[in-house]
Amino acid sequence: MMMLQSCYVQNVSVGMTADEPAQQVAKVKNHYFVDGLIQPKQDEAKNHVSNDKKFRMKTKITFWDGFLSGLTCGIYTPSTTYYYEPAK
């Protein structure tokens, strides 16, 4: 069961409290190479949320992201970012 859980999660809140209700508005796959040292392009949150002053994002390495990283011996290291806005 431990292997099915994500081993890396990063939560960032901008203008929102941790317990404020939110709804997911976007899910983005991040592409990194050489264990995350090389990122082809920089993505910005304002491309995925309507209000860049009040949002929350959660970046995690899912089971499948970790599986792909292990399969390529760390050459390709993806992660997934979820964007949330306050619930309406």
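**Close-up views of a predicted model**

View 1. Ser79 sits in strand β4. Helices (H or I, at least four residues) and strands (E, at least two) are DSSP runs, numbered from the N terminus. This is a predicted model: local features need pLDDT of at least 70, side-chain atom pairs count only at pLDDT 80 or more, and totals for chains, interfaces and linings use all residues. Residues are numbered from 1 along each chain as its sequence is written, and side-chain values use heavy atoms, with hydrogens and water left out. Ser79 is buried, at 4% relative accessible area. Buried means under 20% relative accessible area, exposed over 50%, and partly exposed in between (1.4 Å probe, protein chains only). Leaving aside neighbours within four places in sequence, Ser79 is in contact with residues including Val28, Tyr32, Thr59 and Lys60. Contact means heavy atoms within 4.5 Å.

**View 2. Pro78, in the loop between α1 (63-71) and β4.** Is Pro78 buried or exposed? Pro78 is buried, with a relative accessible area of 1%. Beyond its neighbours within four places in sequence, Pro78 is in contact with Lys29, Asn30, Ile61, Asp65, Leu68 and Ser69. Ala18 is 60 residues from Pro78 in sequence and 26 Å from it in space, C-alpha to C-alpha.

**View 3. Strand β4 and its two partners.** Strand β4 covers residues 79-86; 7 of its 8 residues are buried, so the strand is largely enclosed by the rest of the structure. Strand β2 (residues 22-30) pairs with β4 in the antiparallel sense over 8 bridges. Two strands pair if DSSP finds at least two bridges between them. In this pairing, Tyr82 of β4 stands opposite Lys27. Strand β3 (residues 55-61) also runs antiparallel to β4, joined by 5 bridges. Here Tyr84 of β4 stands opposite Arg56.

View 4. β1 and β3 pair in the antiparallel sense over 7 bridges. Ser13 has Arg56 in β3 as its bridge partner.

**View 5. The salt bridge of Asp65 and Lys29.** The closest N and O atoms of this salt bridge are 2.6 Å apart. The pair links distant parts of the chain, with Asp65 in helix α1 and Lys29 in strand β2, 36 residues apart. A salt bridge is a side-chain nitrogen of Lys or Arg within 4 Å of a carboxyl oxygen of Asp or Glu. Asp65 is buried at 0% relative accessibility, whereas Lys29 is partly exposed at 39%.

**View 6. Other salt bridges.** The structure holds 3 salt bridges. One of them joins Lys54 and Glu20, with closest N and O atoms 3.4 Å apart. Lys54 lies in the loop between β2 and β3 and Glu20 in the loop between β1 (8-14) and β2, so the pair ties together parts 34 residues apart in sequence. Lys54 is partly exposed, at 30% relative accessibility. Lys46 also forms a salt bridge with Glu44, at 3.5 Å between the closest N and O atoms. Lys46 is exposed, at 53%, and Glu44 is partly exposed, at 40%.
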